[in-house]
Amino acid sequence: MDLLISNIKTLLPTESESRPFVAGEQMSELDSIENAWLHISEGKIRNFGTMSDPALTRIRKTMSGLQELSASGKMVIPAFCDSHTHLVYAGSREGEYTDKIRGLSYEEIAKRGGGILNSAALLRETHEDELYRQSHARVKEILKMGTGAVEIKSGYGLDTNSELKMLRVIRRLKETTPLDIRATFLGAHSFPLEYRKDTERYVDLVVSEMIPAVSEEGLADYIDVFCDRGFFTVKQTERILEAGISHGLKPKIHANELDFSGGIQTGIKYGALSVDHLEFTGAEEIRCLLDSDTMPTLLPGASFFLGLKYAPAREMINAGLPVALASDFNPGSSPSGNMKLVMSLACIQMRMLPAEALHAVTLNSAYAMGLHETHGSISRGKKANLIITGEVPGFDYLPYAYGSDLVDTVILNGSIEYKKDYEL
Ligand code: NIG
Ligand code: FE
């Protein structure tokens, strides 16, 4: 059925010709239409314009069975694309949260065998159906907060069967939810305790057993490695990426969260779609990124939650780079998939302008998960994945009102998947 959204206060960001991403100064430029309409047909954005446009009268007259939705006082924006999450996990880690408040660092917790290994122990003993149930609830939660496409990583299994279990849960989420989901194999997330003395043996396992098994079942689109101080070295990362690429998996890696690890350069060398975290990024890393097609992806939720420094978003954008933002939704460093809050953190803590933050959670994050041709902007022919906001004075109000739920309606593939119930 066709859907017409009318009386839209502001429709943005509109594009007459779609671009793969926006970079540098373009990031602060938002094309928009005031007092707009948008026509959805067969799940796609068919057309849009201003309410005084004669095309609107034609649509209303000629389309039989047209459903019309008035968005008076409200804005319509693309649904968020969250290009970096670990939302398939078992249980939670609020005990470590308290340890951190008492003074232990993320790295100290990891060294003691906590952190990622804590989640791995729990995940290994959780049945696949129960893991699906817990993860499905998180997908429903992010849908209500306006996310329409999400990338989900494995990496809490750390043995072949448990990694496959995670990826099968991701596949099931793809089949049972209206979100567009991309799966990433992250067997190289941490070294299990039994491999700590000989980490190469674990790399052998990832390369010769896990990657072929994942590829055999066609369970992943991308390959990730946590390339950082105390985790995987550049050499180990290279071995794993080479094996992944030879099995058709494109890299998308964790880099430079804890140090100048060389991760950014390694990702670029292997044609990574994105390098993510980037708290430790200097002039040299920015220069390499400028010469590449790799999307720098920043995760301010993790910096906020761990009390670590933020990535230098301002320097990157001023140098002409594109920037994407994602939630990193995971039990250890960012237990939230709230992309509107991610925008607020980016604005307040990294001095990104609201317009830059909007491009970073839509078109640029769509690019970072290979979906820019179909997602991330108001462009004719793109998927109708949209958010209708609550009544707001203007776009900047969205990140400004950082604790308010301003998502009224979520439309995915042209269908209304969520509508806020105002009746108490
Ligand atoms: O992106 N940095 C590595 N991995 C996750 C944290 C995972 C965890 O602590 O459970 C991250 O922050
Ligand atoms: Fe992460």
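This is a predicted model: local features need pLDDT of at least 70, side-chain atom pairs count only at pLDDT 80 or more; totals for chains, interfaces and linings use all residues.
Let's start with ligand 1. Where does it sit? Ligand 1 is in the largest cavity. Around it are 15 residues. The closest are Tyr-106, Tyr-156, His-189, Glu-257 and Ser-333. What is that shell made of, by class? Four residues are nonpolar, eight are polar and three are charged.

Now the polar contacts. Take Tyr-106 to begin with. A polar atom of its side chain lies 2.5 Å from an oxygen atom of ligand 1. Next, Tyr-156. Here an N or O atom in the side chain is 2.6 Å from an oxygen of the ligand. Then His-277. Its side chain has an N or O atom 2.9 Å from an oxygen atom of ligand 1. How much of ligand 1 does the protein cover? On its own, the ligand has 330 Å² of accessible area, and the protein covers 100% of it.

On to ligand 2, the iron ion. Which residues coordinate the iron?

The spacing reads H-x1-H-x167-H-x73-D. His-254 is in strand 11, which covers residues 250-255. Asp-328 is in the loop between strand 14 (324-325) and helix 13 (339-350). So this pair ties together parts that are 74 residues apart in sequence.

Last, the backbone. Find Leu-12 and Pro-13. A cis peptide bond joins them, with omega at about -10°. Where is Pro-13? It is in the loop between strand 1 (3-11) and strand 2 (14-15).

Then go to Asn-35, in strand 3, residues 33-41. Its phi is positive, about 50°, although Asn-35 is not a glycine.

To recap, ligand 1 sits in the largest cavity. Thanks, everyone.

Terms used:
Residues are numbered from 1 along each chain as its sequence is written. Chains are lettered from A and ligands numbered from 1 in the order in which they are written. Side-chain values use heavy atoms; hydrogens and water are left out. A residue is near a molecule or strand if one of its heavy atoms lies within 4 Å of it. A polar contact is a pair of N or O atoms within 3.5 Å; within protein, one must be able to donate a hydrogen and the other to accept it, and residues adjacent in sequence count only if both atoms are side-chain atoms. Accessible areas come from the Shrake-Rupley method with a 1.4 Å probe; for residues, only the protein chains shown count as cover. On a 1 Å grid over the protein atoms alone, a cavity is a set of points where a 1.4 Å probe fits but cannot get out, and a pocket is an open set with protein on both sides within 12 Å along at least five of seven lines; lining residues have an atom within 4 Å of a point. A molecule sits in a cavity or pocket if more than half of its atoms lie within 2 Å of its grid points. Ala, Val, Leu, Ile, Met, Phe, Trp, Tyr, Cys and Pro count as nonpolar, Asp, Glu, Lys and Arg as charged, and the others, Gly among them, as polar. Donors are N, O and S atoms within 2.8 Å of the metal (3.2 Å for Na, K and Ca); water is not among the atoms, so sites may look incomplete. Helices (H or I, at least four residues) and strands (E, at least two) are DSSP runs, numbered from the N terminus.
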